[in-house]
Amino acid sequence: MATGWLSRALWLSALAAVAALAGGAQGQPLSPGFYNATCPALQAVVRRGVARAVRREPRMGASILRLFFHDCFVNGCDASVLLDDVPGNFTGEKNAGPNANSLRGYEVIDAIKAQIEASCNATVSCADILALAARDAVNLVSSVWSLCLWLLFFPNKSRTPSTEQQSRGMQLGGPSWTVPLGRRDARNASASAANTNLPPPDAGLPTLLSMFRAKGLDARDLTALSGAHTVGRARCAVFRSHIYNDTAADAAFAAGLRASVCPAAGGDGNLAPLEPGAPDAFDNGYFRDLVARRVLLRSDQALYGAGNGTTDALVRAYAANGTAFAADFAAAMVRLGGLAPAAGSGGEVRLNCRRVN
């Protein structure tokens, strides 16, 4: 498997080079080496910041990944999702319907940005920090899970796994990819744009395919990126309709959730894992759950069994082959990260990710 990862890593590097043709907010091409001369420690600082956050709370890896998706799917990857509302100027994305009381991880990006500003003032965009953090979150979620398994099965060991052992564990878990850099930060944000562009949790497959197609993403991208739901949690209010009303859900699975987590009324904020078997490990368990019809969201179950041969085949393939899923997920993340703001929208390098300069 390690050899397979090496060959796939080379392929993903080539894909990143193609994706780098996508421009930043001012039309400049993205490049993995954009900050090599101006902020050489950038990637190490971001990775340390994400690692601290995920060690403190493993769920945070999924939260940072979701934050990146919700940024890019609304007017491109420009860190607009990080902006606080400005009364009299704009109502931003944080309090839009899909994001309010739901998106998390802002403080993690703030902490990383502060460290970067201390050494590379006014150089690195918040959008690029978020793109790197999402990549590291996927990779490090599996590292934390591997460490938990080590402590479970080897409780008497006098030390934790070596750096080399932990690295091997990460390579066999969540994938990594080369992140093209050079994005600019938006100077405004729009709650209405977030409400319009973000796929709702009760969306059917035609709606999902249409929304992804509008971003230049296809059925493979949709299916692979949906695999991000192999980590994280969802609120009862988001999945109640699916477990009470949809015959597509496994009956015993739905009944268990109704009894333990999500009553017919009340308990809106109660959380359930999106992938119960290993909610903090980035693997292909989500796709096995899809085949078994044991997923929380209607929009997830829509990928399988709705009569679309393409997504059905992809779900079965990913359920059977975690390496294939990881490779396609990494490739889709590079394409997602290439979504650029509209031409002429300008941009800046914010000094504080929560407000414009």
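This is a working chat about the predicted model of one protein chain.

Reader: What does the secondary structure of the protein chain come to?

Author: The model is predicted, and its protein chain has 15 helices and two strands.

Reader: And how many of the 357 residues count as buried, as a percentage?

Author: Of the 357 residues, 52% count as buried. The accessible surface of the chain is about 15300 Å², and carbon and sulfur atoms own 54% of that.

Reader: What share of the contacts with a separation of 6 or more comes from residues 24 or more positions apart?

Author: That share is 77%.

Reader: On to cysteines. How many disulfides?

Author: The count is four. With the bonded cysteines counted along the chain, the pattern reads 1-4, 2-3, 5-8, 6-7.

Reader: Take Cys39. Which residue does Cys39 form a disulfide with?

Author: Cys39 pairs with Cys120, and the two sulfur atoms are 2.1 Å apart. The link is right-handed, with 80° about the S-S bond.

Reader: Where do Cys39 and Cys120 sit?

Author: Cys39 is in the loop between helix H1 (2–19) and helix H2 (42–56). Cys120 is in the loop between H4 and helix H5 (126–153). They are 81 residues apart, so the pair links distant parts of the chain.

Reader: Is Cys39 buried or exposed?

Author: Buried: the relative accessibility of Cys39 is 2%, and the cut-off for buried is under 20%. Cys120 is also buried, with a relative accessible area of 7%.

Reader: What about Cys72, which residue does a disulfide join it to?

Author: Cys72 is joined to Cys77, with 2.1 Å from S to S. That link is right-handed too, at 120° about the S-S bond. Both Cys72 and Cys77 are buried.

Reader: How far apart are the sulfur atoms of Cys236 and Cys262?

Author: Their sulfur atoms are 1.9 Å apart, and the two form a disulfide. The angle about the S-S bond is 70°, and the link is right-handed.

Reader: Which parts does the pair of Cys236 and Cys262 tie together?

Author: Cys236 lies in helix H10 (residues 236–245), and Cys262 lies in the loop between helix H11 (251–260) and strand E2 (271–273). The pair therefore ties together parts that are 26 residues apart in sequence. Cys236 is buried at 0% relative accessible area, and Cys262 counts as buried at 0% relative accessibility.

Reader: Changing topic. Where is Lys113 found, and is Lys113 buried or exposed?

Author: Lys113 is found in helix H4 (residues 106–119). Lys113 counts as buried, because its relative accessibility is 2%.

Reader: Which residues is Lys113 in contact with, leaving aside neighbours within four places in sequence?

Author: Lys113 contacts Val124, Cys126 and Ile129, together with Val349, Arg350, Leu351 and Cys353.

Reader: While we're on H4, at what angle do the axes of H3 and H4 cross?

Author: Helix H3 (residues 59–72) and H4 cross at roughly 85°, and their axes come within 9 Å. The range for roughly perpendicular is 65 to 115 degrees, so H3 and H4 are roughly perpendicular to each other.

Reader: Which residues in H3 and H4 meet?

Author: From H3 there are Met60, Ile64 and Leu67, and from H4 there are Tyr106, Glu107, Val108 and Ile109. By class, that contact has six nonpolar, no polar and one charged residues.

Reader: H8 and H9 next. At what angle do they pack?

Author: Helix H8 (residues 205–213) and helix H9 (residues 219–226) pack at about 105°, with axes 9 Å apart. That makes H8 roughly perpendicular to H9.

Reader: And which residues in H8 and H9 meet?

Author: Leu205, Leu208, Leu209 and Phe212 of H8 meet Ala219, Asp221, Leu222 and Leu225 of H9. The residues of this contact divide into seven nonpolar, no polar and one charged.

Reader: Last one: Ala203. Where is Ala203 found?

Author: Ala203 is in the loop between helix H7 (191–197) and H8. At 5% relative accessibility, Ala203 counts as buried.

Reader: Which residues is Ala203 in contact with, apart from neighbours within four places in sequence?

Author: Ala203 is in contact with Leu208, Arg298, Ser299 and Ala302. Asp300 is 97 residues from Ala203 along the chain, and the C-alpha atoms of these two are separated by 8.7 Å.

Notes. Residues numbered from 1 in each chain as written. Predicted model: local features only at pLDDT ≥ 70, side-chain atom pairs only at ≥ 80, totals over all residues. Heavy atoms only, no water. Axes fitted to C-alpha atoms, helices over the stretch in contact; angles between N-to-C directions. Helix = DSSP H or I, 4+ residues; strand = E, 2+ residues; numbered from the N terminus. Parallel < 35°, antiparallel > 145°, perpendicular 65-115°, else oblique. Contact = heavy atoms within 4.5 Å. Nonpolar A, V, L, I, M, F, W, Y, C, P; charged D, E, K, R; others polar. Buried < 20%, exposed > 50% of the residue type's maximum accessible area, 1.4 Å probe, protein only. Areas by Shrake-Rupley, 256 points an atom, 1.4 Å probe, with all protein chains shown as cover. Disulfide = S-S within 2.5 Å.
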